[in-house]
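Student: I'd like to learn how to read disulfides and the strands around them. Can you walk me through it with a structure on screen?

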Amino acid sequence: MPEDIADLVQKGNNDPSTVVEHYPAFSSLSLCGAWTGMCPASMAAGTGIFFHKAQLRRGSTMALSFPAEPEPPILTRDVAEKVPFANLDDVLAAFNIAPGSAEAANVAATLRLCTSPPNPGEVKACTTSLEATVRRSMDMLGAAADGDHDVWAATSRVPDDRRTSGLLPRQTYRVEAVATLDGDRYVGCHKLPFPYRVYQCHMTAGLTDKAYVVSLRGIGGGGGLTTADMLAFCHHDTARWNPAHPAFELLHTHPGTPVCHFMPYANPVFGKGDDEGGEAGALRLGNFLCCTSCQPSSSCAMAPEGGPIDGSPSALHGLVCARCGGERRASAMKLCDLAAGGEGDC
């Protein structure tokens with residue numbers, strides 16, 4: 001499963017008093033894929049987060065450098081309801097952020113973004129909990145309305161020793177393989193600057209985006225022998241994008257030209273289609289929800305209770321994590337229920 005998400009859920013699935021640990025609300029590379037206006041070209045320059053579609057082929061090379069970043073916890077709904085979000089003064093006071101500081105400005109920018117209208121051709125929502133992230137993504141994909149729950153979730157994979165920070169060391173990487181994530185609808189969720197995990201989840205209404213898994217191998221320039229499986233989006237309809245978007249400056253292109261970008265660590269993608277994710281680590285949504293409620297492990301062992309595990313609504317009945325017990329099992333069952341449509345037992 002996406003282990004990075006499981007780790008961050010575990011970090012945030014605590015008593016609210018422990019969540020008030022101060023995670024710096026600094027700008028993140030994640031902003032560069034979120035249409036936020038909060039990613040200047042200077043932030044993206046030298047990282048390689050934007051690239052040309054022509055580079056999306058085996059054997060091409062890319063110079064990449066994703067900096068280490070603090071990773072705030074993902075809260076469950078029960079915890080998120082007990083910490084402030086919408087009111088700037090309350091957030092600053094609760095998390096001991098000094099008014100007038102750079103962090104306070106970032107928090108204020110996040111709140112403005114979350115209350116601003118979407119860009120033309122965009123559907124978006126800000127989420128403050130695991131359940132809200134899943135539910136709003138399902139809504140955008142149409143899964144909640146049409147009863148089709150063939151939804152999967154995936155994240156980029158970085159080496160295990162980099163998972164706490166999302167670091168992708170500076171060097172040249174060779175593209176070892178490119179795989180398309182099947183489906184015709186995708187929602188990308190991007191981390192915003194905040195003391196705990198807040199995502200902006202969005203999709204384009206025209207359904208012109210394509211999602212990929214790009215397998216990379218470092219070939220020199222520092223960082224040792226590094227491999228990563230990175231999720232990437234290519235946006236084909238950019239005609240209505242702001243001409244000042246940093247991608248155009250860095251790629252020396254203009255609105256109307258396709259723009260591709262990687263999804264940094266712990267920025268999930270939800271999709272709708274018949275793909276099980278392959279090397280991307282995508283899971284059927286029910287498995288993803290149940291697993292993220294349990295202790296993270298390298299393989300998220302699952303235990304069926306009366307049916308095979310294939311992620312279909314019928315198979316979700318009675319599905320729990322093998323390592324779950326007591327309250328954690330109950331939490332997994334509630335989240336499973338969410339994937340099954342919000343009614344009855346999972």
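This is a predicted model: local features need pLDDT of at least 70, side-chain atom pairs count only at pLDDT 80 or more; totals for chains, interfaces and linings use all residues.

Student: What do Cys 234 and Cys 260 form?

Tutor: The general idea first: a disulfide is a covalent bond between the sulfur atoms of two cysteines. Here Cys 234 and Cys 260 form one, with their sulfur atoms 2.0 Å apart. The link is right-handed, with 105 degrees about the S-S bond. It connects distant parts of the chain: Cys 234 belongs to strand β9 (residues 227–235) and Cys 260 to strand β10 (residues 259–262), 26 residues apart.

Student: How do I read the pairing of β9 and β10, and which sense is it, parallel or antiparallel?

Tutor: Strands of a sheet pair through backbone hydrogen bonds, either parallel or antiparallel. In this model β9 and β10 run antiparallel and are joined by four bridges. Look across the pair: Cys 234 stands opposite Cys 260 in β10, and His 235 stands opposite Val 259 in β10. So the two cysteines that face each other in the pairing also form a disulfide.

Student: Which strand pairs with β10 over two bridges?

Tutor: That's β1 (residues 50–51), again in the antiparallel sense. Phe 50 stands opposite His 261 in β10.

Student: And what about the side chains of β10: which are buried on each side?

Tutor: In a regular strand the side chains alternate between the two faces of the sheet. For β10, Val 259 and His 261 are on one side, Cys 260 and Phe 262 on the other, and all of them are buried, which leaves both faces covered.

Student: Zooming out, what is the strand order of the open sheet?

Tutor: The open sheet has six strands in the order β1-β10-β9-β8-β5-β2, with antiparallel pairing. Its edge strands are β1 and β2 (61–66), each pairing on one side only.

Student: Back to the sulfurs. How many disulfides does the count come to?

Tutor: Four. Let's look at two others. Cys 189 and Cys 201 are joined with an S to S distance of 2.2 Å. The torsion about their S-S bond is about 110 degrees, so this disulfide is right-handed. The pair links distant parts of the chain, with Cys 189 in strand β6 (residues 185–192) and Cys 201 in strand β7 (residues 198–204), 12 residues apart.

Student: Are Cys 189 and Cys 201 buried or exposed?

Tutor: Use the cut-off: buried means under 20% relative accessible area. Cys 189 has 0%, so Cys 189 is buried. Cys 201 is also at 0% relative accessibility and therefore counts as buried.

Student: What about Cys 32 and Cys 39: how far apart are their sulfur atoms?

Tutor: They sit 2.0 Å apart, and the two residues form a disulfide. A torsion of about 75 degrees about the S-S bond makes the disulfide right-handed. Cys 32 counts as buried because its relative accessibility is 3%. Cys 39, at 7%, counts as buried too.

Conventions. Residues are numbered from 1 along each chain as its sequence is written. Side-chain values use heavy atoms; hydrogens and water are left out. A disulfide is a pair of cysteine sulfur atoms within 2.5 Å. Buried means under 20% relative accessible area, exposed over 50%, partly exposed in between (1.4 Å probe, protein chains only). Two strands pair if DSSP finds at least two bridges between them.
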